[in-house]
Amino acid sequence: MKLTRRDALKALAVGGGAAGGSLAVSEILVSETAQRNNPSVSSQDVETLQAVADVVYPSEVTVTPEFIETYTNRLDDDRVSSLTTTISQLDRITTTTYGDRFSELPSRTRREQVLRSLGVHRVPSRADGTLPERVRYHLVNSLLYALFTTPKGSMLAGIENPRGHGGGFAPYRKTNTQSSDDE
Amino acid sequence: MGKISASIRPWILTATSICFGYLLVRFLLDGVVAVGSTPLTPSAGLAIPLGIFFGIPAAAGIAAGALVVGIFHAGMPLWTLFEALSLFLLAVVSWRGWTLYFSSLDEQLTGLSGWVHFARLTVVGSVGAAAFLAWGGELLGLFPFYVTLPEYAARYLLATVVAGVPLAAVTSALIARTDSTEVAQPESELPRTRRLAFAAIPFVWGVSGFVGGVFFSIRERIDVTTFEEFGVEFLYHGVNPDIFGQGARRIQVVLGAVFLVAWLFTLRQPDTSVDSGERPGLLNVQNQHVQSDRGEAK
């Protein structure tokens with residue numbers, strides 16, 4: 001088979017057309033994804049967040065739906081919209097592979113496998129990135145933030161009075177009492 | 001049904017049967033076991049052997065099955081489409097790769113050389129199909145290339161080892177008993193560069209996409225001062241996400257399209273062998289029988 005100049009030009013045209021076309025399609029699709037809105041957290045979303053928390057939280061922590069709701073109620077509409085979109089996509093991708101939503105998976109190990117197979121542990125945390133990046137930002141890191149900015153959660157890391165927590169009078173008094181006793 | 005021509009009927013029958021078989025395996029066996037964090041998906045393992053033996057009807061049946069699963073589970077529509085296309089590509093590449101590059105049909109899997117060819121095709125096809133899917137993930141802005149590529153290449157390889165090899169052995173043994181294999185054409189002589197390109201493009205695509213993606217991801221996480229310390233701040237400013245997209249998505253999309261076209265180009269039937277006859281899987285071999293029988297009847 002002998003390749004001619006016409007073949008080379010044909011290959012260039014097809015390659016260039018495919019590259020340009022796919023880039024245009026990609027730009028349109030990515031901008032459309034960013035515009036989706038659903039600014040309310042459903043009970044299913046809370047279940048999924050609870051299931052994610054079960055994976056990422058230390059084993060001694062038991063998560064209740066009330067804890068999740070307290071945190072999500074503090075988020076603004078944009079954050080909630082991104083959060084629900086991410087949860088919906090995580091559920092869909094899990095259902096396609098395992099036949100169940102993320103929160104319905106039979107074990108903690110299986111849920112951890114799903115997060116790892118999505119590469120959540122390898123990607124940077126980003127609010128408007130790819131699905132694993134958004135899962136890391138909106139689900140994993142947000143839940144860790146929610147845990148470690150409460151006194152009970154931060155005590156797991158030896159911090160009694162976490163930064164950003166409105167309170168700390170009791171530990172402050174305790175510290176002062178101890179120091180005056182020492183004196 | 002009477003209006004459907006005799007040549008299309010077995011094509012539809014094969015595609016439908018394979019589609020049902022795929023659905024059965026997918027719903028019953030997929031995701032039951034996982035190796036590390038990679039779920040075992042035996043349904044994907046059907047693509048290579050069925051692609052080799054049945055050609056386009058197998059590819060169509062498996063892709064249709066994957067679409068049905070996506071619709072049934074209300075999965076992400078465009079991602080489902082890319083998954084289906086990836087399996088279609090895996091089956092088509094297996095068929096074309098086998099008939100063009102590796103072996104003639106009557107030599108299939110009867111000896112060590114047949115299995116070596118099968119293994120080579122499995123590796124090339126799995127990496128290529130995974131690279132295609134990873135490219136789709138970047139195109140949709142859903143998954144980074146460097147995450148999807150190893151995950152799906154491992155899934156396809158594992159699935160083919162677990163489900164594809166036994167299926168290939170059984171199918172090969174069954175086909176060896178029929179007369180249909182005797183009409184297979186001898187292996188076509190293709191230029192060495194084209195053989196090399198067929199095997200190398202998926203790996204070049206995969207490695208460049210993976211390394212580029214990881215490098216870009218690192219660049220996005222590191223501060224400019226670190227680059228300045230090493231005197232390579234031009235890399236920081238030159239490789240800018242505002243131009244190339246987050247995670248170098250735009251470069252991945254453009255280069256992926258070029259690699260895909262180049263790879264598909266290596267699967268074209270060469271002009272020199274057009275007259276010698278194409279062998280699109282066992283089914284068309286049977287069609288040739290049907291047509292020759294009709295000719296004799298006339």
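## How do we know? Two chains in questions

Colleague: Which residues does B:Gly128 touch, not counting those up to four places away in sequence?
Modeller: B:Gly128 touches B:Val93, B:Pro202 and B:Trp263, where contact means that the C-beta atoms, placed from the backbone, lie within 7 Å. Residues are numbered from 1 along each chain as its sequence is written, with chains lettered from A and ligands numbered from 1 in the order in which they are written.

Colleague: Why does B:Gly128 count as buried?
Modeller: B:Gly128 has 28 C-beta neighbours inside 10 Å. A residue is buried with 20 or more other C-beta atoms within 10 Å of its own, exposed with 12 or fewer, and partly exposed in between, so B:Gly128 counts as buried. Its place is in helix 5 (residues 112-140) of chain B. B:Trp263 is 135 residues away along the chain, yet the two C-alpha atoms are separated by 8.6 Å.

Colleague: What makes the largest nonpolar core, and which residues touch the most other members?
Modeller: Such a core is a set of buried Ala, Val, Leu, Ile, Met, Phe, Trp, Tyr and Cys residues joined through C-beta atoms within 7 Å. The largest one has 99 residues, and B:Ile62, B:Ala91 and B:Ala130 touch the most other members. Leaving aside neighbours within four places in sequence, the contacts of B:Ala91 include B:Ala47, B:Leu50 and B:Ile62.

Colleague: Why are helix 2 and helix 3 of chain A called roughly perpendicular?
Modeller: Helix 2 and helix 3 (residues 65-73) of chain A pack at about 110°, with their axes 9 Å apart. Axes are lines fitted to C-alpha atoms, for helices over the stretch in contact, with angles from 0 to 180 degrees between N-to-C directions. Under 35 degrees is roughly parallel, over 145 roughly antiparallel, 65 to 115 roughly perpendicular and the rest oblique, so this pair is roughly perpendicular. A:Val46, A:Leu49 and A:Gln50 in helix 2 of chain A meet A:Pro65, A:Ile68 and A:Glu69 in helix 3 of chain A.

Colleague: How many helices and strands does chain A have?
Modeller: Chain A has 8 helices and 0 strands, taken as DSSP runs (helices H or I, at least four residues; strands E, at least two) numbered from the N terminus. Of its 183 residues, 30% count as buried.

Colleague: How many residues of chain A meet chain B, and which helix of chain A gives the most?
Modeller: In this interface, 32 residues of chain A are in contact with 39 of chain B. Helix 1 of chain A gives the most to that side of chain A, with 12 residues.

Colleague: And what packs against the buried residues of helix 5 of chain A?
Modeller: Those buried residues include A:Arg111, A:Val114 and A:Leu115. They pack against helix 2 (43-56) and helix 4 of chain A, together with strand 1 (34-35), strand 2 (38-39) and helix 6 (145-176) of chain B. Just after helix 5 of chain A, A:Gly119 takes a positive phi of about 80°.

Colleague: Where in chain B is confidence lowest, and where highest?
Modeller: Confidence is lowest in helix 12 (residues 281-297) of chain B, at a mean of 47, and highest in helix 3 (residues 56-72) of chain B, at 92. The chain B mean is 81, with 82% of its residues at 70 or more. Where pLDDT is low, the predicted coordinates should not be read in detail. The model scores ipTM 0.82 and pTM 0.84.

Conventions
This is a predicted model: local features need pLDDT of at least 70, side-chain atom pairs count only at pLDDT 80 or more; totals for chains, interfaces and linings use all residues. Two residues are in contact if their C-beta atoms, placed from the backbone, lie within 7 Å. pLDDT is the predictor's confidence in each residue, from 0 to 100.
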